[in-house]
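Biologist: Before I use any of the labels on this model, I want to hear what stands behind each of them. Please go through them with me.

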Amino acid sequence: MLGSPRMPAVVAPGRALVSILAVSAGCQPGGSSAPPPAATAPAPAAPAARPAAGSAASPVEPAHIRLPRSSDAPVRPTRRPLDPAALGRLAAIEFPGFEREDQGTAAGVVLFRHTTRSRPHLAVSVAIGPCSAQRACPAMDLARWSARRDELRAQLPRELRDRPDTRFEIGARAIAGAPAITTYQLGYAGGVDEKDQPSTDYIDAYALDHNDGVNQIRVMAHYVDDAVGGIPQLLAIAPPDDLEKLAAAFASFYLHAWQ
């Protein structure tokens, strides 16, 4: 497999960090309340570039983030693998306030990302595709996923894996009645690179994985803005509750849209 109704606002380092929860009642792409329109472009998901330590964010004003709204109906399991046309339609959907980035396909899985136009920049990276020999779909069982903890943690940036203050938490929850495995990752490491230049590695991300044995999806909400100085600052700007709400809203949207 590919883990507050408001969202945070970022301010320049040295000023108080605040979190505003300013999410609209929800909106479909284009602002309508109708089901998502068909589309036809393949889409993407890529990690954000890591700025050098000490880089400063410019002052910005708090901004509202409009989350996608989906049906309240429980999600039904899919019956057939998603074909390239269906994957292209899902990947091409756009959302107000977010910039979409196509990131191609890998082993039949379409990859794309939505990044907030306002700051702090938060991204929602999505991977959707059918279960296959290359992309197996493990059971949605927390004990089995927890047993893979070391394997999953190894996907963290190398500089963060063994730090005692790095958080890597695996859990479970439901999205629109569908079982999902959650992963929360938080870490920050500042130092110098091989050329003795300032370098920073950090992650603040909440991911949801779901599969129904036929198709699979991974939705990860993560902070992709400037380095802010450490874990306390990351938590102030992009707390896990806000990232969870962002990931859950997009996951629910796509789980209903792929029916």
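Modeller: Buried means under 20% relative accessible area, exposed means over 50%, and partly exposed lies in between, with a 1.4 Å probe and protein chains only. The model is predicted, so to speak of local features a pLDDT of at least 70 is needed and side-chain atom pairs count only at pLDDT 80 or more, while totals for chains, interfaces and linings use all residues. Residues are numbered from 1 along each chain as its sequence is written, and side-chain values use heavy atoms, with hydrogens and water left out.

Biologist: Why is H222 called buried?

Modeller: H222 has 7% relative accessibility. The limit is 20%, so H222 counts as buried. H222 lies in strand β7, residues 215-223; strands (E, at least two residues) and helices (H or I, at least four) are DSSP runs, numbered from the N terminus.

Biologist: What makes the pair of H222 and S125 a polar contact?

Modeller: Their side chains are 2.8 Å apart at that contact. The definition asks for a pair of N or O atoms within 3.5 Å; within protein, one must be able to donate a hydrogen and the other to accept it, and residues adjacent in sequence count only if both atoms are side-chain atoms. The H222 and S125 side chains therefore make a polar contact.

Biologist: How do you know that C131 and C137 form a disulfide?

Modeller: A disulfide is a pair of cysteine sulfur atoms within 2.5 Å, and the sulfur atoms of C131 and C137 are 1.8 Å apart. A search of the whole structure finds one disulfide. The angle about its S-S bond is -95 degrees, and the link is left-handed.

Biologist: Is C131 buried or partly exposed?

Modeller: C131 is partly exposed, because its relative accessible area is 21%. C137 also has 21%, so C137 is partly exposed.

Biologist: Why is helix α1 called largely enclosed?

Modeller: Seven of the nine residues of α1 (residues 84-92) are buried, so the rest of the structure largely encloses this helix. Among the buried residues are L87, R89 and L90. The buried residues of α1 pack against β1 (98-106), β2 (109-116), β3 (122-130) and α6 (240-257), where contact means heavy atoms within 4.5 Å.

Biologist: What makes β1 and β2 a pair?

Modeller: Two strands pair if DSSP finds at least two bridges between them. Seven bridges join β1 to β2, which run antiparallel, and F98 has T116 in β2 as its bridge partner. The two strands form a hairpin with two residues between them, and A107 in the turn has a positive phi of about 55 degrees. Another antiparallel pair is β4 with β5 (residues 178-192), over nine bridges. In that pair, A174 is bridged to P179 in β5.

Biologist: Why are β1 and β4 called edge strands?

Modeller: The open sheet has seven strands in the order β1-β2-β3-β7-β6-β5-β4, with antiparallel pairing. β1 and β4 (167-175) each have a single partner strand, so one side of each has no neighbour in the sheet.

Biologist: How much of the protein chain is buried?

Modeller: Buried residues make up 51% of the chain's 259 residues. The chain has six helices and seven strands.
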